[in-house]
Amino acid sequence: EWCVLHLNILQRGKKSNKSKRKPRKTRSKRQRGSGASSSRPTENFNMTEEQNELNNALRTAILRKDPSSVKHLLDKGADATITITDRYKVHYLPRVETIPAIMYVVRHMNGSNTIIMNYLLGSENDDLDDEGGSAVSRRARATTLLSEAVQWGNIDMFRELLYEGADINDASHRPPALSIAVHNEDLNMINFILNGQGGQVNIGYTHNGVRHNVIDEALEIYVTAESVTRRKRLNEIIETLRRYAVEQSIMSMDDFNTKCN
């Protein structure tokens with residue numbers, strides 16, 4: 001009789017524990033979400049219900065590519081630093097990343113939707129000082145996002161980020177924009193980077209204390225390329241880079257008369 005009583009007590013304890021765990025299980029299931037097409041609750045469960053609703057509404061507005069709603073929600077206090085689950089494929093393999101909303105916009109939106117990026121970029125600076133801090137931070141963020149735009153071949157976002165003051169030659173965290181475009185074998189992006197920048201794009205750069213040259217990088221890729229199609233594309237990239245390098249090395253007549261004795 002004592003054993004039966006003890007067993008009953010244990011079983012009631014297990015039932016009680018299960019009932020307590022149910023809310024936690026439901027919450028974690030919602031957190032995983034179902035991809036970028038659906039909204040997901042904010043990660044901070046200490047936020048007020050009103051703030052959660054604003055953030056989720058902002059996420060939905062971004063995914064629907066609705067600039068006016070994005071601005072309205074940011075003005076009401078929605079958090080510009082919310083995250084979005086990005087599902088995509090690399091070499092036909094599925095990938096899932098939880099990334100800042102502004103990074104999702106830079107990756108996947110173009111045309112008139114660049115204004116959404118501007119709204120998010122501007123909102124993130126609201127808490128900074130008015131003596132140049134906002135502008136500096138905005139340029140730094142734009143520079144960080146620039147490599148993301150190049151990686152995803154988004155020329156519209158790349159152009160907009162340059163307008164926001166992004167440093168096209170920055171190599172402090174990742175290789176510069178031109179190097180990323182070369183490794184992606186993206187001739188359209190390479191031409192866009194080199195044209196219209198007034199010769200300000202560097203062929204050589206230093207990253208992690210090591211000196212690199214984008215022409216050498218393109219040649220290394222060419223050597224390992226097996227298909228005729230890739231070799232043809234890489235050869236065009238190499239020639240484009242070489243022409244640019246030659247043009248930058250030739251001194252104008254005005255410079256010659258000014259600088260040379």
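Modeller: Helices are DSSP runs of H or I with at least four residues, and strands are runs of E with at least two, numbered from the N terminus. Counted that way, the protein chain has twelve helices and four strands. Keep in mind that this is a predicted model.

Colleague: How many of the residues in the protein chain are buried?

Modeller: Of its 261 residues, 34% are buried. The word applies under 20% relative accessible area, while exposed means over 50%. As for surface, the protein chain exposes about 16500 Å², and carbon and sulfur atoms supply 50% of that.

Colleague: Why does S112 count as exposed?

Modeller: Its relative accessibility is 62%, and the cut-off is over 50%, so S112 counts as exposed. You'll find S112 in the loop between α4 (101-108) and α5 (114-123).

Colleague: What makes β3 and β4 a pair?

Modeller: Pairing needs at least two bridges found by DSSP. Strand β3 (residues 204-207) and strand β4 (residues 210-213) have four bridges, in the antiparallel sense, so they qualify as a pair. One example is Y205, whose bridge partner in β4 is H212. The two strands form a hairpin with two residues between them, and N208 in the turn has a positive phi of about 55 degrees.

Colleague: Why is the contact of K71 with D75 called a salt bridge?

Modeller: The rule asks for a side-chain nitrogen of Lys or Arg within 4 Å of a carboxyl oxygen of Asp or Glu. For K71 and D75 the N to O distance is 3.0 Å, so the pair passes. By this rule the count comes to ten salt bridges. In general, side chains of opposite charge can pair when their charged atoms come close.

Colleague: Where do K71 and D75 sit relative to each other?

Modeller: Both are in helix α3 (residues 67-76), and because they are four residues apart there, about one helical turn separates them. K71 is partly exposed at 36% relative accessibility, whereas D75, at 57%, counts as exposed.

Colleague: Which parts does the salt bridge of R230 with E185 tie together?

Modeller: First the distance: the closest N and O atoms of R230 and E185 are 2.4 Å apart. R230 lies in helix α11 (residues 228-249) and E185 in the loop between α8 and α9 (187-194), so the pair ties together parts 45 residues apart in sequence. R230 has a relative accessible area of 29%, so it is partly exposed, and E185, at 12%, is buried.

Colleague: Which residues do salt bridges with shared partners join into one network?

Modeller: That network consists of D86, E97, R107, E148 and R174.

How values were computed:
Residues are numbered from 1 along each chain as its sequence is written. This is a predicted model: local features need pLDDT of at least 70, side-chain atom pairs count only at pLDDT 80 or more; totals for chains, interfaces and linings use all residues. Side-chain values use heavy atoms; hydrogens and water are left out. Buried means under 20% relative accessible area, exposed over 50%, partly exposed in between (1.4 Å probe, protein chains only). Accessible areas come from the Shrake-Rupley method with a 1.4 Å probe; for residues, only the protein chains shown count as cover.
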